[in-house]
Amino acid sequence: MNRNDNDILGSGNSRFSDEDRARIAQENAGARREMKRRLEERRASERVKTEADIPDSPPEKNKISSPKKQKTASEKNKPKSPSKGKTTGSSQTGSRNDRVKGSQQERKKHSKRNTNLIIALFFIVALSFIVIFAAFALKVNTVEIEGSERYSDKTVTQAAGLVQPVSMILFNAEHAENKIETSLPFIENAEIKRKWPDKLLVTLEDAVPALAVDTGEGYILMNRSLKVLDDDAVTIGEDAALLRGVSVASSVPGTVIEFTDDISRDEFLALIRSFEEFGIENITEYDLSLLSDVTVVLEHRVEIKLGTLVGSAKKLGFARYVIDKTINSDKKHPIVIDFTADGKAYARIKNDSNVSFDEPETVLPEAESTTAAGEESTSSADGSFSVG
């Protein structure tokens, strides 16, 4: 029979009592309300998922949950913890918008970095092409040489490595200068400047022999820096000082001389500079046979017996005073300025007694050094000067 429940319940011939019918009707009404509530919850859940655009598995069908349990008083008072995996539609939508904005900003930054990198690479490549093109396109077409009377332009050009065309950009001027000064010993100084777009200016300074060593077969000529100019010269020239009492280990033209004696190059160079500082010129001989009895000769007639090199500044200060007061006024007699006797200095005519001269009105700063006993050095009328 297709009669509904109400017809059955309402039939007078029903086997159910009035109480049973009331109870069954109440249960059916409650079941319908429960099904309606579940349907509404399911629809609300589907709407939230659609708005949040979050994929989720479809609700299970035919799944009937048990009726909600009544919460106890303790459960009602218990603070609610945030639901796991459940968010409201507005919060999920805001979170999604934030993620979208962050992703867009990150893509913009990444795109900007890539653009800057591409621009930098393009600039580097373009600059490299320009440099390479200029290096091969800009050639040295003119070499102008001035300042040397000893070497020809062709010799200088060959020494500098400028026989073949070279690049104005790639040309190493410093290296070429060193090659000129080494391969052409009589060049004291070489300087090369670029004159754009295609010209080099080479300025040279000829070296003047300042020192000479007698080898028995010839002379080794050097400049004031002890660079060897010639290792087999016949004469030493007017301005060169003869260096006696030294043995030479190496004397290659264009390089610095090597001694085998006790005196080092640095010590000898310091002695030369000391004479230059005091303005004592026209030195014709250095005798280094004994380092305890070093003698320097001026103008072939004035001997300065330094003894040891200790205290050279104080000794040369007094020597300069004697030269100004006595020697310059006497161009005939050979003079000796001796610092080797009794710790004092004496100026005298050679093979004669001490030379008299006036008390110095102004003593050079280097000659004002105190003695070992702490007393100030002074000159006297008999020509003596305390150096001890």
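**Notes on the model**

1. Let us start with Leu269, which is buried, with a relative accessible area of 14%. Because the cut-off for buried is under 20% relative accessible area, Leu269 falls in that class at 14%. Please keep in mind that this is a predicted model.

2. Where does Leu269 sit? Its place is in helix 7, a helix that spans residues 265–277. Setting aside neighbours within four places in sequence, Leu269 touches Arg224, Ser225 and Leu226. With Ser225, the separation is 44 residues along the sequence, yet the two C-alpha atoms lie 7.3 Å apart.

3. What classes of residue make up the lining of the second largest pocket? There are nine nonpolar, five charged and three polar residues.

4. The largest nonpolar core holds 40 residues, and Phe268 and Tyr286 have the most contacts inside it. Helix 8 (residues 312–325) provides the largest share of this core, with six residues. Apart from it lies another core of 27 residues, including Leu162, Ala176, Phe186 and Ile187. In soluble globular proteins, nonpolar side chains tend to be buried together.

5. Tyr286 deserves a look of its own. Beyond its neighbours within four places in sequence, Tyr286 is in contact with Leu211, Ala241, Leu242, Leu243, Arg244, Phe268, Leu271, Ile272, Thr295 and Val296. Phe268, on that list, is the other residue named with Tyr286 for the most contacts inside the core.

6. Finally, the whole chain. How many helices and strands does the protein chain have? The count is eight helices and 15 strands. The chain has 388 residues, of which 30% count as buried. Among contacts with a separation of 6 or more, 50% join residues 24 or more positions apart. The accessible surface comes to about 26200 Å², and carbon and sulfur atoms account for 50% of that area.

Conventions:
Residues are numbered from 1 along each chain as its sequence is written. This is a predicted model: local features need pLDDT of at least 70, side-chain atom pairs count only at pLDDT 80 or more; totals for chains, interfaces and linings use all residues. Side-chain values use heavy atoms; hydrogens and water are left out. Helices (H or I, at least four residues) and strands (E, at least two) are DSSP runs, numbered from the N terminus. Ala, Val, Leu, Ile, Met, Phe, Trp, Tyr, Cys and Pro count as nonpolar, Asp, Glu, Lys and Arg as charged, and the others, Gly among them, as polar. A nonpolar core is a set of buried Ala, Val, Leu, Ile, Met, Phe, Trp, Tyr and Cys residues joined through side-chain atoms within 4.5 Å. Buried means under 20% relative accessible area, exposed over 50%, partly exposed in between (1.4 Å probe, protein chains only). Contact means heavy atoms within 4.5 Å. Accessible areas come from the Shrake-Rupley method with a 1.4 Å probe; for residues, only the protein chains shown count as cover.
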